[in-house]
Amino acid sequence: MTGTEGPALLRVRDLKTYFVTEQGKGTARAVDDVSFDLYPGETLGIVGESGCGKTVTSLSILRLVPEPPGHILPGSVIEFEGRNLLALAAPELRAVRGNQIAMIFQEPMTSLNPVFTVGDQIAEAAIVHQHLSRKAARARAIEMLQLVGIPDPKERVDHYPHQLSGGMRQRVMIAMALVCHPKVLIADEPTTALDVTIQAQILELLDRLQNELGMAVLLITHDLGVVAGHADRVVVMYAGRVVETAPTSGLFEQPTHPYTEGLLAAVPRIDAPRSRLHAIPGQVPAATAWPTGCRFHPRCPYAWDKCVTQEPPQLETGAPGHTARCWLVTEPERRQAKR
């Protein structure tokens with residue numbers, strides 16, 4: 001576990017990424033004023049339901065949002081080692097992307113090219129960014145396959161994606177992301193399509209490689225169990241905004257935002273296997289029509305008039321590093337009254 005002392009490696013401030021929809025249905029404010037920091041060597045979990053803006057946030061960091069229909073609004077800041085990535089020219093950005101900041105995407109079968117061997121695909125980044133020869137890059141690819149635990153790497157290096165299992169393809173994706181030893185790894189739902197035992201192996205592998213290579217990890221997931229076991233700090237997103245930020249232990253012991261409380265209550269418990277699972281009523285609203293006031297108020301068991309009309313800012317809860325975008329921070333007695 002790492003602390004948050006010293007300067008942040010990656011600093012996101014007031015990030016707004018909007019999409020202009022077709023047929024005049026309005027503007028989808030997918031990421032709407034998001035701020036967080038990632039420190040050297042730490043794992044920061046970003047959690048929330050589908051549609052809350054997690055993936056668009058990660059794509060915005062690497063400027064991979066398709067323009068049009070998407071655009072990152074002026075005033076947004078994404079700083080990596082003090083440089084604003086949004087201000088970099090295309091060649092400078094390419095030198096960062098895949099080299100110093102790398103990303104593992106959700107679905108390996110759509111991210112790997114079916115007509116190239118996995119070895120060629122891993123070697124490509126080493127050739128482009130580190131100017132290795134074809135022979136040296138192939139040797140590096142074999143080394144990376146071995147590092148991520150693929151058996152017979154000298155044979156597998158010449159295989160095509162369809163010849164590998166889902167778990168192996170995910171390991172290839174990790175090998176591709178790590179071939180240049182990046183300082184930041186963005187892992188977007190890295191275990192979604194895998195069965196439980198393979199999920200655990202992939203997460204353990206990421207932990208081990210993080211320790212060996214000393215990189216920071218931005219772990220994007222909807223699974224709070226993954227966050228509990230692997231993140232130092234957690235950012236909870238809802239409706240395009242950060243609603244709570246806390247050290248992992250503090251978030252699980254004392255969730256402050258009602259949305260976080262609902263997410264934690266929905267996790268199955270080993271000590272109460274027969275208890276009914278809690279469900280948060282309703283669903284994430286459309287990004288073209290976020291509610292007024294607090295965006296969670298239509299689904300919140302504690303909401304009152306103020307929540308409908310006034311949007312709360314990020315408020316300090318009193319615990320170190322713990323903030324929540326909720327009026328209950330200033331009026332905690334309303335939570336007690338509802339219980």
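## Surface and charge

Accessible areas here come from the Shrake-Rupley method with a 1.4 Å probe, and for residues only the protein chains shown count as cover. The accessible surface of this protein is about 16,000 Å², and carbon and sulfur atoms hold 53% of that. The model is predicted: local features need pLDDT of at least 70, side-chain atom pairs count only at pLDDT 80 or more, and totals for chains, interfaces and linings use all residues. Residues are numbered from 1 along each chain as its sequence is written, and side-chain values use heavy atoms, with hydrogens and water left out.

Now the charges. Lys and Arg count as positive, Asp and Glu as negative; His and the chain ends are not counted. Each charge is placed at NZ of Lys, CZ of Arg, CG of Asp or CD of Glu. There are 33 positive and 36 negative side chains. The centres of the two sets lie 3 Å apart.

## Overall fold

The protein has 13 helices and 13 strands. These are DSSP runs, numbered from the N terminus: helices are H or I with at least four residues, strands E with at least two. The radius of gyration (taken over C-alpha atoms) is 21 Å, close to the 20 Å from the globule rule (2.2 Å times the number of residues to the power 0.38). So the protein is as compact as a globular protein of 339 residues. Its C-alpha trace spans about 70 × 50 × 45 Å along the principal axes.

Buried means under 20% relative accessible area, exposed over 50%, and partly exposed in between (1.4 Å probe, protein chains only). A contact means heavy atoms within 4.5 Å. Of the contacts with a separation of 6 or more, 63% join residues 24 or more positions apart.

## Strand S9

Strand S9 covers residues 216-221, and six of its six residues are buried. In a regular strand the side chains alternate between the two faces of the sheet. On one side of S9 sit Ala-216, Leu-218 and Ile-220; on the other, Val-217, Leu-219 and Thr-221.

Which strands pair with S9? Strands pair if DSSP finds at least two bridges between them. S3 (residues 43-47) runs parallel to S9, with five bridges. Here Ile-46 stands opposite Ile-220. S8 (residues 184-188) also pairs with S9 in the parallel sense, over five bridges. Leu-185 has Val-217 as its bridge partner.

## Thr-57

Thr-57 lies in helix H1 (residues 54-61). Is Thr-57 buried or exposed? Its relative accessibility is 1%, so Thr-57 counts as buried. Leaving out residues up to four places away in sequence, Thr-57 touches Leu-15, Val-31, Val-34, Phe-36 and Met-237.
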